[in-house]
Amino acid sequence: MKLSILRKSLVVGVWLTISAVSVFGQSRFAVGVNGLYGTEIKSFAVGAKVQYDITSHFRAEDAFNYFFKKDGVSMWEENVNLHYLFYIGDKFRVYPLVGFTVVGVKFDMNSAIPAEYQQYAEMAGVSGGSSSDTYFGGNAGAGIEYLVTPHLAVGLEGKYSIVKDVDQAVFGLGVTYKF
């Protein structure tokens with residue numbers, strides 16, 4: 001069931017990004033990877049993204065991030081964001097971003113309780129197992145990008161995901177290759 005929601009959110013995200021490109025005309029696109037940190041889950045993440053330059057100032061982005069398990073909690077997120085680019089010289093771009101997010105959270109009770117305390121948890125009636133849930137929300141943030149070459153860029157980004165029960169700030173460092 002949860003995998004079905006993930007697949008649907010990925011398909012919708014890619015479809016929205018491609019639709020935006022189709023409406024505004026073909027343009028340059030980029031693919032990239034990110035290293036991130038989430039403040040609510042207090043964990044690092046890895047991510048992949050696809051970006052489309054709709055116009056010289058508007059860019060659509062579809063990004064998927066996976067946060068590593070910490071204290072029995074793991075999380076993934078699918079984001080569809082729109083960037084408005086401000087050019088600072090030939091090499092720098094600064095942008096605000098807004099968008100939508102789908103977040104999946106999994107809690108594993110067995111991993112959350114350290115092994116040496118498992119027997120006490122069982123005596124207290126705390127059972128093992130896991131649960132997961134999916135949430136929908138929005139993003140707002142900003143980033144800066146530096147063009148190392150005409151095709152290679154590095155960037156820093158910060159965003160706040162407004163999502164029921166799992167609001168968090170996410171900070172990332174990324175590399176993109178522009179085609």
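Predicted model: local features only at pLDDT ≥ 70, side-chain atom pairs only at ≥ 80, totals over all residues.
The protein chain contains 3 helices and 9 strands. Along the sequence, these elements follow the pattern α-β-β-β-β-β-β-α-α-β-β-β. Of the 179 residues in the chain, 40% are buried. The chain exposes about 9900 Å². Carbon and sulfur atoms supply 68% of that area.

The largest nonpolar core has 11 residues. Leu36, Ile41, Ala45, Phe67 and Met75 are among them. Val103, Val105, Tyr135, Val163, Val166 and Val170 also belong to this core. Neighbours within four places in sequence are left aside here. Tyrosine 135 is then in contact with Thr101, Val102, Val103 and Val105, among others. Its contacts also include Val163, Lys164, Asp165 and Val166.

The count of salt bridges comes to 4. One of them joins the side chains of glutamate 145 and arginine 59, with an N to O distance of 3.3 Å. This pair links distant parts of the chain. Glutamate 145 lies in strand β7 (residues 130–147), and arginine 59 lies in strand β3 (residues 58–70). The two residues are 86 residues apart. Glutamate 145 has a relative accessible area of 5%, so it counts as buried. Arginine 59 is buried too, because its relative accessibility is 0%. The cut-off for a buried residue is under 20% relative accessible area.

Glutamate 145 also meets arginine 93 in a salt bridge, at 3.4 Å from N to O. Arginine 93 lies in strand β6 (residues 92–108) and glutamate 145 in strand β7, so this pair ties together parts that are 52 residues apart in sequence. Arginine 93 is buried, with a relative accessible area of 13%. Salt bridges that share partners join Arg59, Arg93, Glu145 and Lys178 into one network.

Another salt bridge connects the side chains of lysine 159 and glutamate 77, at 3.1 Å from N to O. Again, the pair links distant parts of the chain. Lysine 159 is in strand β8 (residues 152–163), glutamate 77 is in strand β4, and they are 82 residues apart. Both lysine 159 and glutamate 77 are buried.

Strand β4 (residues 73–84) also holds histidine 83. Histidine 83 is buried, with a relative accessible area of 0%. Histidine 83 touches Gln51, His57, Phe58, Arg59 and Glu61, among others. Tyr95, Pro96, Leu97 and Glu157 are also touched by histidine 83. Arg59, one of these contacts, is the residue that forms a salt bridge with glutamate 145.

A search of the whole structure finds 2 cavities of 30 Å³ or more. The largest cavity holds about 210 Å³ of space. Its lining comprises 27 residues. Of these, Asn34, Lys49, Glu61, Tyr95 and Glu157 are the closest to its centre. Several strands each supply at least two residues of the lining. They include β1 (29–38), β2 (43–53) and β9 (168–178). Strands β3, β4, β7 and β8 each supply at least two lining residues as well.

Key:
Residues numbered from 1 in each chain as written. Heavy atoms only, no water. Helix = DSSP H or I, 4+ residues; strand = E, 2+ residues; numbered from the N terminus. Buried < 20%, exposed > 50% of the residue type's maximum accessible area, 1.4 Å probe, protein only. Contact = heavy atoms within 4.5 Å. Areas by Shrake-Rupley, 256 points an atom, 1.4 Å probe, with all protein chains shown as cover. Core = buried A, V, L, I, M, F, W, Y, C linked by side-chain atoms within 4.5 Å. 1 Å grid on protein atoms, 1.4 Å probe; cavity = no way out; pocket = protein on both sides within 12 Å on 5 of 7 lines; lining within 4 Å. Points joined across faces, edges and corners; volume = space filled by probe spheres on them.
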